[in-house]
Amino acid sequence: MSLDTPPPSGAITRDEVAHLARLARLAVTDDELDVFAGQLDVILGAVARVGEVAADDIPPTSHAVPLSNVFRPDERRPGLTQEQALSGAPAVEDGRFRVPQILGEEQ
Amino acid sequence: MSTELIRLTAAELAVKIHSREVSAVEVTRAHLDRIAAVDGQVNAFLHVAREAALANAALVDESIAAGTAPASPLAGVPLALKDVFTTMDMPTTCGSRILEGWRPPYDATVTTRLRAAGITILGKTNMDEFAMGSSTEYSAYGPTRNPWDTSRIPGGSGGGSAAALAAFEAPLAIGTDTGGSIRQPAAMTGTVGVKPTYGGVSRYGLVACASSLDQCGPCARTVLDAALLHEVIAGPDPLDSTSIDAPVPAVLEAVRRGADGDLRGLRVGVVRELGGEGYQAGVQSNFEAALRQLEKLGAEVVEVSAPHFQYGLPAYYLILPSEVSSNLARFDAMRYGLRVENGTSAEEVMAATREAGFGPEAKRRIMLGTYALSSGYYDAYYGQAQKVRTLISRDFATAFAQADVLVSPTAPTTAFPIGEKVDDPLAMYLNDLATIPTNLAGTAAMSVPSGLAAEDGLPTGLQIMAPALGEAVMYRVAAAYEAARDAEGGGALIHRVPPMEVSA
Amino acid sequence: MSAPTLVDYDEVVERFDPVLGLEVHVELSTNTKMFCGCPTDFGAEPNTQVCPTCLGLPGSLPVINHAAVGSAIRIGLALNCTIAPWGRFARKNYFYPDMPKNFQTSQYDEPIAVNGYLDLELDDGSVVRVGIERAHMEEDTGKSLHVGGATGRIHGAEYSLLDYNRAGVPLIEIVTKPITGTGARAPEVARAYVTALRDLLRALDVSDVRMDQGSLRCDANVSLMPRGSSEFGTRTETKNVNSLRSVERAVRYEMTRQAAVLLAGGTVVQETRHFDEATGTTSPGRRKETAEDYRYFPEPDLAPIAPSDEWVEQLHSTLPEMPWEHRKRVKAEWGLSDEELRDLVNAGALELIEATVAAGAPSSEARSWWVSYLAQQANTRGIALDALPIRPADVARVIELVAAGELTNKLARQVVDGVLAGEGGPDEVVEQRGLKVVSDDGALIAAVDEALAAQPDVVEKIRGGKVQAAGAIVGAVMKATKGQADAKRVRELVLQRAARE
């Protein structure tokens, strides 16, 4: 990444930002859409530099320290009481978290 | 008396408390008083746990009076905890509006270990929202100011912890480092900050920024204090699958050895790609002075190359936002935290709450990560970034074959004025140029004060990098360098922080 | 969209070839959840089996349950799958209030078991091999209760209440390869597959496999292609199929519905549909505003799983006899015909009989009890055989008492009635109802002598060699002892006493 701000890459449009905001459940304002579209475009232009590296035969790293088979025994551990579980809830009813009506389908 | 107490190191305080020369309560009170006097200017703390802190100190005093051995070498010493660790008796906000006032029903492993060690938690420190930022300006609760110059940033994301040390509000602090959030603030405040090997300290109860990069570590004013704290918090934890099941590197012993000032037989590698263009003159010249110090101590300085480090920043700014977009999804107004009742459906309330609860940098990174993980872009962005990660690890491996530790300036510049980069994300990201490769590789690194930049009189830091679980050699070099620099500079750098106006 | 008129099933299968894909979710019956130490028990008070991890609290981290991985591998091996030597969990990102982290931790793209098969036996004895695409581990979601509105269903509800006790329970998703070539029998094959899978999982003892409680759930993908074509049509995925019978009905309904759409010149919409038990029909779910993009990426909080050959081998050695092997063996041991065995299986009696045999009863007696008297009782009560309030061990004890001569068959039935009436175990019922066979010869001899004295003419006949005349005396004794005497012993005694001068 150079120190100079790259020119707009055209990598991302305002509509795409609106789509991302929907996916990410962010009710962004129209003004924000303009600002974010510009900023994300610049950032994406810069980070796209990863594509310059010839890495076809390079394995990806998902975990910095290569561990495997880290398990716990199937033994019960004390958890939270119902009161503790619900302690931070914005709304509670009958020992459950109360939430507004759900529009989408279960997956 | 209390003015003196706050200027002591953690090690010195511990000796006095354990020998009953002063009480832990007095020490705690001195720091609480200091916080009350100066934090209005610094804004290092989001929450001060006055009663709990005094109660813990009293328990330590009682226990020592009863002849019981201290719970740890740091029992009774006060500490500032970054507000990203869960604490049952204090709110945990992560610097975000979305978690304002949230009281977790459980303690982080780090919190538990601090408590078990008898360390007094003074309160929770300010940070960039969810640890995303390099200046602590992205906190929902106002920026933290650098005690060296309160018109400037203290670095970030752990600016609160670093500023608390530099303002003598606490002798110890805990930070987290995802791309430099411990080391860069340490450099900018003239303090010591350590990012241990990934998996060296449990992340259980650390509210995640980027899970594959986050690591907790000690912050202090001296290398010895950092080592003492390191030994308290490090070690395997069955609640964190990524914690390394191996003994904690003997960092305290390494510091004692380093204090001998003999680094003969040690090779110090200068990473060619981390320096030069883009680095402030005073930063660069202090770095060169540090190299001369290391040579004087007997180390052999060699140049190494890490050709892929230049891709570290772009790779980081793909991997981090991707993980962030997933980690921050749980803040949805359903179970805890803010709920903005704007709309009739769960979906609308979620979107309205997240819009109101997250600041601009969090939103930017969430959207950036959502983009990078999208099916059409995954290979070009996230997948490719993971390959770059492999290449950076290989660069490290090659370099560590030629040198025991690697060094670079910690940050390219000294502390910049508040507001200067807050609306220019890319400029802000460049702060982490030198610190990011370590996070991508999961190796260890730390920052030690390396003097004041000639042009602005602000502190700079020397970054010392070590292989995974190579903390001992890193601390040894740091301790040796610290002693030599302090001797040459006529005392510890931290005592040159300008005095702060003390409010009554 | 107006509903097209349904097409006759015969016409459906004449014109189209159905293609099935079945996704079965199984909740494992481990002590604890997939990634934390919370219990998995069904039916607890809401939000009492939760911890920071399964509640998705900030800062919490998952740790993989070793036993769950073991179960997943055993399931994979039992389904003849290859066990992946290395694999990671991934995060499946989507927002839904029953999912505490708003991502599901799933092995979706690196499953632990791939490429296996399961052989099914249909009602007529023919065998169909169903290919298994993969079996992978994931975690269950919480449960929502929809409040307000008419139906208690999600649509029209005013708000919802969430319980996360189920969140994080280990799930194994087992996915078939496309099942083709089954024609008119597709619905039966679907049911047979889920049945066979259920029996297999039960034999492995890895799950409760209770469809009514949701520990076994099936989603049915159905598509049609014109007869003779090899290009798959557009499929629908039907959810909420909560019984074996529903699996069959849902597939059959979707076949006729899709055929009607296609024959009317329409196109099948790729969508999720819901099965309605009451009407036997499916209805479309709410259309999604945007295409799904789950943004999978490897779960950084969990280390990869790399099961060693030794571990896999050790798990292989713990595999029980497979249900079909087992049936073959039972059939041989008990000397049953194919038809007899199938009747036992269909009546749900096989396991009960086996348990009775395991408790010490001879197989013929055990079979006889379960398929006749107990089957009648279940039938009368309108419940399944295994829902009768009697344990196989009780039945075995009754059989034992009969064999020991302590009960007659008639008394034995009274004992069983007592057990079914909740009066306790067989011995308690015998004791309380005073049903024990009179085996005290003293009392019997007195009764025999009394009967002999009352019918001297019969005694004469017996003494004269007409042994069959003894029947009248035996009958009198049995009457006098209210049927509690052992008739065989009575007869012996009659002959003995009559012979005395």
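## Chain C and its domains

Chain C splits into three pieces: domain 1 covers 9–295, domain 2 covers 323–433 and domain 3 covers 441–499. Between the centres of domain 2 and domain 3 of chain C, taken over C-alpha atoms, there are 34 Å. Keep in mind that this is a predicted model.

## Where chain A meets chain C

Here 35 residues of chain A are in contact with 47 residues of chain C. On the chain A side, helix H1 (14–23), strand S1 (71–72), helix H3 (82–86) and strand S3 (96–100) each put in at least two residues. S3(A) gives the largest share, with five residues. Sorted by type, the side of chain A that touches chain C has twelve nonpolar, ten polar and 13 charged residues.

S3(A) also pairs across the chain boundary: four bridges tie it to strand S9 (residues 159–163) of chain C, and the two run antiparallel. Within that pairing, Val99(A) sits opposite Ser160(C).

## Where chain B meets chain A

For this pair of chains, 60 residues of chain B are in contact with 48 residues of chain A. The elements of chain B that give two or more residues are helices: H11 (312–327), H12 (346–357), H13 (360–373), H14 (379–402) and H15 (425–429). H14(B) takes the largest share, at eleven residues. By type, the side of chain B that touches chain A divides into 32 nonpolar, 17 polar and eleven charged residues.

## The sheet in chain B

UniProt, in an unreviewed entry, places "domain: Amidase" at residues 26–472 of chain B. That stretch is 38% helix and 14% strand, with its end C-alpha atoms 34 Å apart.

Chain B has an open, mixed sheet of eleven strands, ordered S1-S3-S2-S4-S6-S5-S10-S11-S9-S7-S8. Strand S1 (45–48) and strand S8 (300–304) of chain B each have a single partner strand, so one side of each goes without a neighbour in the sheet. On average, neighbouring strands of the sheet are turned by 30° against each other, direction ignored. Val48(B) has Gly123(B) in S3(B) as its bridge partner.

## The annotated active site

Which residues of chain B does UniProt list under "active site"? The unreviewed entry gives Lys82(B), Ser157(B) and Ser181(B). They are spread over 100 residues of sequence yet cluster in space, with a largest C-alpha distance of 11.0 Å.

Lys82(B) belongs to strand S2 (residues 78–82) of chain B. Why does Lys82(B) count as buried? Because 32 other C-beta atoms lie within 10 Å of Lys82(B), and 20 or more is enough to count as buried. Beyond its neighbours within four places in sequence, Lys82(B) is in contact with Thr125(B), Met127(B), Gly158(B), Gly160(B), Ser161(B), Ile174(B), Gly175(B) and Thr176(B).

Ser181(B) comes from the loop between strand S4 (172–176) and helix H7 (183–189) of chain B. Ser181(B) is buried too, with 36 other C-beta atoms within 10 Å. Not counting residues up to four places away in sequence, Ser181(B) touches Ala131(B), Gly156(B), Ser157(B), Gly158(B), Gly175(B) and Thr176(B).

## A covered helix

Helix H6 (residues 159–166) of chain B is mostly covered, with eight of its eight residues buried. Among them are Gly160(B) and Ser161(B), both of which are also contacts of Lys82(B). After H6(B) comes Phe168(B), which has a positive phi, near 60°.

Terms used
Residues numbered from 1 in each chain as written. Chains lettered and ligands numbered in written order. Predicted model: local features only at pLDDT ≥ 70, side-chain atom pairs only at ≥ 80, totals over all residues. Pairing = 2+ DSSP bridges. Axes fitted to C-alpha atoms, helices over the stretch in contact; angles between N-to-C directions. Contact = placed C-beta atoms within 7 Å. Nonpolar A, V, L, I, M, F, W, Y, C, P; charged D, E, K, R; others polar. Domains from an automatic or database assignment. UniProt positions renumbered as here; feature names shortened; annotations may be inferred. Buried ≥ 20, exposed ≤ 12 C-beta atoms within 10 Å, placed from the backbone.
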